[in-house]
Every structure is written in C-alpha cells, then in structure tokens.
Amino acid sequence: KETVSKNFIEQEIDKDLAEGVYDNVHTRFPPEPNGYLHIGHAKSILLNYGLAQKYGGTFNLRFDDTNPTKEKVEFVESIKADVKWLGADFEDRLFFASDYFEKMYECAVFLIKKGKAFVCDLSAEEIREYRGDFNNPGKESPYRNRPVEENLRLFEEMKEGKYKDGEKVLRAKIDMASANINMRDPVIYRVAHMEHHNTGDAWCIYPMYDFAHPIEDAIEHITHSICTLEFEDHRPLYDWVVRECEFENPPRQIEFAKLYLTNVVTGKRYIKKLVEDHIVDGWDDPRLVSIAALRRRGYTPESIRRFVEMVGVSKANSSVDYAMLEYCIREDLKLKKARMMAVLDPVKLVIGNYPEGQMEELDVPNNLENPELGSRKVPFGRELYIEREDFMEEPPKKYFRMFPGNEVRLMGAYFVKCTGCEKDADGNVTVVHATYDPETKSGSGFEGRKVKGTIHWVAVPSAKKVECRLYENIVDEEKGKLNEDGSLNLNPNSLTVLTDCYVEPALGEAESYDSFQFVRNGYFCVDCKDSTKEKPVFNRIVSLKSSFKL
Ligand code: ATP
Ligand code: MG
Ligand code: MG
C-alpha cells in the first residue's frame, strides 16, 4: 500500500529545504557499539537511509564510540553486517566518533575561552544535589566563576592525567535556574582512565554524550539528526552546543517514537539473562528480534522494510503487534518460495496395490500462485510418510482426510483409499494402509469422481530426515510479560524441536538461509548455525495463517 501523505519528518525537511535552511539532506545512523542491533534499530536505520534516498542526499553510518567502558570491537563488525544486510548502503561513509576526540577537545577549549565552560571540583554526588529537580531550581557551583585562565590550565591538567576519575569535570555554563534540568550546567567532559578500543590510552578525558553527539553531527555536516523521543528534552542542549561552538549550517535534531513490539524481549538485561540461563542459544536465537536473530529465523530485508513502512513514523510511543511482522514475512515469501512437501510428525502409509520396488517421478508445481517458479520432480512409491494427524481411525464429523473407507488425494499424485491400519501394543498407529487408483494421476485430467481431502507425503526410500524447530513467542503480553519478582514470565512452549521429520530429497541440498513453504506447516528456513548436510535443521519462520488482518 502506497502512503500518499508525508510523515512529519519529511514535512519538516520539505520546510527546511523550501526556506533555504539547508540545501541538501544528510542523515546518519549512530549506534553505540555496545550490543547487537534489533528491530527497533532497523527502523532507525531504514528511516535515516530512506530519507537520504528520497531526497537524493547522503547517509552516514557512524559509531558513537565515545564511551570507552561498554564498547567492544566485536559489535562494530556485527553492526556493519546488519546495516548492510538491511540494504542501507553506507559505502565509504563509515565514521567513528572517537576519530573526532581532538576536535571535541578543541570545542571544549573554545567554550572555556568564551566563558561558556568551567572546571568543577564538586563530586558527582554534590553535582546531583546542586542540580535541584523539577520543583526546585538548581544552586550554582562554587567553581562556576573560575577565571578563564584557571579553567584552561585545569582542563589541560585533566587531559594530562593529573586527576583521578571523578576528581574534576568540565561543565557547560548555561543556567542553573532553567526549567529544563539538562540545561543546568551539564557535565560535558569527565576524567576516565580507561583504554579505548580505537584510541587506546591517548585520552584520559572523554566527552559526555550530550556534548559529543551534536559535534559529531556538525563535523559530518549532518542536516537532520534524527533520534528517539527520550532525547526531546536534550534538544535545547544540542542546539546550545552547536550554536556556542559556532558551527556553520548546524544540524537540527528531530525526534520520533521508538518502535516497540508486543510479545518480544528487546531489553539487553533480559536477553543477557536468557543467554546465561541457556534459555536461548545466544543473541541470534530465532525467538529474539535482534537483526541477527531475525535473519537466522528466515526474515528477509524486504519483509523488515515493509514492516517498518507499515508501522510508519510517529511522535507518540506505542506498541506494534508482533503478528504484523509475521504478516510482512508471509507476504514477502508467498510468491517467491517453492511449496515443498515435508512431514513433521510422520506415520507410514503403504499403498498395497502399488508395485513393490517401483518408483516414479511426479511433476509437482512449485507455487500455485506463481507459475513462474515452474515445477519439480518428486519421487513417489509404495511406501510414503504422511502426517500422523492426517489419519484417524474414528474420525469426527467434517474430517476429510484418511480414515478407513475414505478416499483422499495425495498431493500431486493419486487418489488413495484407506483400507485400515496397524497398531502397536499401546494402541499407537504404526502403519496406515491404502490402495491407489492409477487413473487418478494428477494432471491426467481425471474427472470421474471427486475427493474432499488432499494430503501431503514424502516417499520413504528417498526421504531426507531433518530436524524442524517450531517457535512461539517467548513471552505472552496477555499473560503478563513479567512475574511479580520482575523476572520474565516465559512461555514454556517457545521452542518445540521435532527430530524425526521427513522431507523431499531436494530439500537435502538446501543451504543456510534458504527458505521454503512446507505444505500446510508454514515457511521454514535452513538454520545457519546448527544445520549440517547429514542432519539439516529447519527453523519455522512463520505459520501459514494468522489472526492478523490488514
Ligand atoms: P538499546 O538500549 O535498545 O540498545 P540504544 O538507544 O542504546 O538502544 P543506540 O546504539 O544508542 O541504541 O541507538 C542507535 C540509534 O538507534 C539511536 O538513534 C536510537 O535512537 C535508535 N533506536 C534505538 N532503539 C530504537 C527503537 N526501539 N526504535 C527506533 N529507534 C531506535
Ligand atoms: Mg544509546
Ligand atoms: Mg544500544
């Protein structure tokens, strides 16, 4: 569906261009390399990249790596791969905020010289006390009116490593009485004797996010710095920094609402616990919504793009139904993927009147809705696997599959009439018996009689044994996401492993990330971690039907 109206960010951009505030559009995605990207980040990536595309502008990928404590090189690589995979092409426009440390330092010195920043000796605790709160104005630091020369000397000494962590900070001199607490002389530089993944031990002072971020944007000539709603209160400080540092054509910040999904877990703290408790097998477990997990599950970049477009951009926080994401992958795969036969819960069917030892190859269309996908040969013979649920000795009303005396179509093959079954000592059905009618071959034009049920099958001798993993949401919003003690209320059925599934031989050749429709059972994707040639593993991406309606 084409959305005709422009979103509010596009409207702002149009206005800026019309008024000559900017003559181009330059956006960026600025992840902190402190974790894996998730579906929410995908929204931000595609939004920023999409705007640059739409306006013939430029898109940067910038690692916001100014905080040495939490950052890891490992995350840089995974983030780059995820952004590329989503189709946001950053080409050679890859930047690291830590490359700007020198420039940020110069900006700080510049502010000191203008009398707009001062070195403060208050402890973190005292700074908090002095700051006041929503109801009370702040109190000025006794160090606020230090002479410029003294500030320059002390800041230089901070840089040279003369002070311990927390002993001194550099603060912007703004307004302790401001209604906006972020404007009450915020700390802009701190002492931190820490190794940085990029700059090593070159620095022992590091800029605070609210100071660093606008400078990063300004250095890269970003025009529209798009971020999430929680930074709305920080915008006056953003504007203050770019103004007081006297950048030409400074960027402007625009906020939008974060994307939240129902029935999923995105918090790093929770995911970490799930990994540690071996409830999931890493940050890319297919039940999670990290980009890597979605990719492993079998989601495509197209489906995620479609989802992000459907969700739209808004100024108000809200949660999106997980079923909408499922809808998008289903729609994406529907016409693209072959519909294969896979039996997940097998029972043997023996066709008594089919010649023993004989096999034939049947021509089965790959996708009934898309003839362009052509057809494939599927081996057929006397012994087949069918789904256990496709046979009932005593069927309820309206059951049109196999039961003694009933005739059904074997998909792409023949009509078979059920003649009975064998059972073990416990009463479990072990073999279903039937006879077939050679006249009824699919594609032969047979019109003599009709059957109500069609079932899928896999020929025993050439069947490939595989594992299939079925998923449910790891938490259920309706049952409550959290227990009373704050832990996650986990769905005990979030993973079902079926180890004795049988699929057509063609599926034995499938490679990691290949995906297919399995007749009646949903869309499946070859697991990139655990699948081997000997024992392929298929993840269910999504079932065929859903309650979600557009
Ligand atoms: P998280 O805490 O989930 O890792 P974050 O905000 O710490 O999120 P960053 O690496 O700082 O992650 O974010 C990079 C960009 O992605 C930021 O511009 C941020 O606003 C955006 N972003 C993060 N989460 C979401 C979300 N749920 N929806 C949309 N954008 C998001
Ligand atoms: Mg962050
Ligand atoms: Mg983050």
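Two residues are in contact if their C-beta atoms, placed from the backbone, lie within 7 Å. By that criterion, take the contacts in the chain with a separation of 6 or more: residues 24 or more positions apart account for 70% of them. The model is predicted.

Start with the overall form. The chain holds 12 helices and 27 strands. Its radius of gyration is 31 Å, while the globule rule gives 24 Å for 550 residues, so the chain is more spread out than a compact globule. Along the principal axes, the C-alpha atoms fill a box of roughly 100 × 55 × 40 Å. Of the 550 residues, 39% are buried.

Next, the domains. The assignment gives domain 1 (8-256) and domain 2 (340-542). Their C-alpha centres lie 55 Å apart. Within the residue range of domain 2, UniProt lists residues 454-527 in an unreviewed entry as "domain: tRNA synthetases class I (E and Q) anti-codon binding". Over residues 454-527 the chain is 41% strand and 0% helix.

Now the interior. In soluble globular proteins, nonpolar side chains tend to be buried together. Here the largest nonpolar core has 102 residues. Ala342, Ile386, Trp457 and Val458 have the most contacts inside this core. Helix α2 (residues 39-54) supplies the largest share, eight residues. Domain 1 and domain 2 each give the core at least three residues. Ile386 shows the packing at one position. Leaving aside neighbours within four places in sequence, Ile386 is in contact with Val343, Val347, Leu349, Phe391, Val432, Ile455 and Trp457. A second, separate core has 36 residues, including Ala108, Leu111, Met158 and Leu237.

Helix α2 also matters for the ligand shell. Ligand 1 is surrounded by Pro30, Pro31, Glu32, Gly35, Gly40, His41, Lys43, Ser44, Cys227, Thr228, Lys258 and Leu259. The most come from α2, with four residues.

Strand β8 leads on to another helix. The buried residues of α7 pack against β8, and also against β2 (58-63), α4 (101-113), β6 (187-191), β7 (205-207) and α8 (235-244). Helix α7 spans residues 209-219 and is mostly covered, with eight of its 11 residues buried. Those eight are Phe211, Ala212, His213, Pro214, Ile215, Glu216, Asp217 and Ala218. After α7 comes His221, whose phi is positive, near 60°.

Finally, look at Phe95. This residue lies in strand β3 (residues 94-96). Why does Phe95 count as buried? A residue is buried if 20 or more other C-beta atoms lie within 10 Å of its own. Phe95 has 20 C-beta neighbours inside 10 Å, so Phe95 counts as buried. Leaving aside neighbours within four places in sequence, the contacts of Phe95 are Asn60, Arg62 and Glu220. Asn60 is 35 residues from Phe95 along the chain, yet their C-alpha atoms are separated by 7.3 Å.

Key:
Residues numbered from 1 in each chain as written. Chains lettered and ligands numbered in written order. Predicted model: local features only at pLDDT ≥ 70, side-chain atom pairs only at ≥ 80, totals over all residues. Core = buried A, V, L, I, M, F, W, Y, C linked by C-beta atoms within 7 Å. Buried ≥ 20, exposed ≤ 12 C-beta atoms within 10 Å, placed from the backbone. Helix = DSSP H or I, 4+ residues; strand = E, 2+ residues; numbered from the N terminus. Domains from an automatic or database assignment. Rg over C-alpha atoms; globule rule 2.2 N^0.38 Å. UniProt positions renumbered as here; feature names shortened; annotations may be inferred. Near = placed C-beta within 6 Å.
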